[in-house]
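User: I would like to go through a model with you. Could you take my questions as they come?

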Amino acid sequence: MRAEIQHLVDETKQSVGLLRRHLDWDNAQRRLAELNASTEDPNFWNDADAAQKIMRERTSIEDQINAIKRLEQELDDAITLIELGEMEDDQSTITEGEEVIRALQIEAARRQVETLLAGEADSNDTYVEVHSGAGGTESQDWTNMLQRMYARWAERRKYKVELLEITDGEEAGIKSATLLIKGLNAYGWLKTESGVHRLVRISPFDSNARRHTSFASVWVYPVVDDRINIEVKESDCRIDTFRSSGAGGQHVNTTDSAVRITHIPTGIVVACQQERSQHKNRATAWNMLRARLYEAELKKREEKASAEAAAKTDIGWGHQIRSYVLQPYQLVKDLRTGAQSTSPQDVLDGDLDPFMEASLAQRVYGGGEAVDDID
């Protein structure tokens, strides 16, 4: 076996071993057996809340155990395949086995990062809001690009994506949008994306082909499930209805079915226009408001809450967390961790995992000073 592939095999085995230790393999196996036994009790669903909690825990443990077993089995199969290829001098078989090992090494490393997702709401679905900032039409086009980027990232992970609200720009792009992304650990992965994102490019809207800088903000907050109790007084809120906006055609409502809720004590505003029914939009907006209030409480517990709040209030210079430069060179740079990519198009197509992994590791292990922005 080539030295490069042997190194990947060793790395993969090490990552899988760390996954086993983090899971506490023997105890996890026992706990899964206990949970499986409890679900067979005829009275299991008499207490729906308790039953759902058990089902969530069982699904989580079962997913981790099955993933580790599969990684180990597929790694053994790939090593065997390479050995057979070497015995028969079959390069295509050797190459096939090596490609499997590379893919397994990437997956094992990703799952190792997922062990960092131990926050109270990390496993939950999440809302992602994007808002245009300084830059006019340029900024609104950039906001639309960001909305697409996060949708593409979610699709890569087989997560479900719903567009809850969108406000079109005057000439191009959008002023704002809200996505609901559903999938295990959706909030845990995306939570470090909150902040201001800066784009530098040759403007497609400038007849003189000059370089423009645009800003947009991203705000990520978790869906609040039945484990988390957030009370909101209706007397503290103002509820407005309005007509849904969109690109036109038969799917644009002709009635005031869209709903906007303003939480007066905090100034938090949420809106939903996904459904034709005002009743359904109102229910979704209430859920979004509860989630925003919960996210605000989570932020209070974090040491950097004040700095993050400042970054969200001013969408412009000095507050960006990441810069995306398309001209005169190609570079995406995270200003918190220093993580970089020389392929902005891949990043804009949803290749965000390296940036998320670096930010998660920084939150858990610390280290990594803010770096200088790029011109």
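User: Is asparagine 185 buried or exposed?
Analyst: Asparagine 185 is buried, at a relative accessible area of 11%. Buried stands for under 20% relative accessible area, exposed for over 50% and partly exposed for in between, with a 1.4 Å probe and protein chains only. This is a predicted model, in which local features need pLDDT of at least 70 and side-chain atom pairs count only at pLDDT 80 or more, while totals for chains, interfaces and linings use all residues. Residues are numbered from 1 along each chain as its sequence is written, and side-chain values use heavy atoms, with hydrogens and water left out.

User: Where is asparagine 185, and what is its phi?
Analyst: Asparagine 185 is in the loop between β3 (174-182) and α6 (186-190); helices (H or I, at least four residues) and strands (E, at least two) are DSSP runs numbered from the N terminus. Its phi is near 70 degrees, a positive value in a residue other than glycine. Most residues other than glycine have a negative phi.

User: And what about lysine 158: buried or exposed?
Analyst: Lysine 158 counts as exposed, at 73% relative accessibility. Its phi is also positive, near 65 degrees, and it lies in the loop between α5 (137-156) and β2 (160-168).

User: Changing topic, what is the strand order in the open sheet?
Analyst: The open sheet of 8 strands runs β2-β3-β1-β5-β4-β9-β10-β11, with mixed pairing; two strands pair if DSSP finds at least two bridges between them.

User: Which strands stand at the edges?
Analyst: β2 and β11 (340-341) do; each has a single partner strand, so one side of each is left without a neighbour in the sheet. β2 pairs with β3 in the antiparallel sense over 8 bridges, and leucine 163 stands opposite leucine 179 in β3.

User: Which residues touch the most other members of the largest nonpolar core?
Analyst: Leu146, Tyr150 and Tyr324 do, in a core of 58 residues. A nonpolar core is a set of buried Ala, Val, Leu, Ile, Met, Phe, Trp, Tyr and Cys residues joined through side-chain atoms within 4.5 Å. Helix α7 (residues 278-300) gives the most to this core, with 8 residues.

User: What does leucine 146 touch?
Analyst: Not counting residues up to four places away in sequence, leucine 146 touches Val130, His197, Ala216, Val218 and Tyr324, where contact means heavy atoms within 4.5 Å.

User: Last one: which peptide bond is cis?
Analyst: A cis peptide bond joins glutamine 327 and proline 328, with omega about 5 degrees. Proline 328 is in the loop between β9 (320-325) and β10 (331-334).
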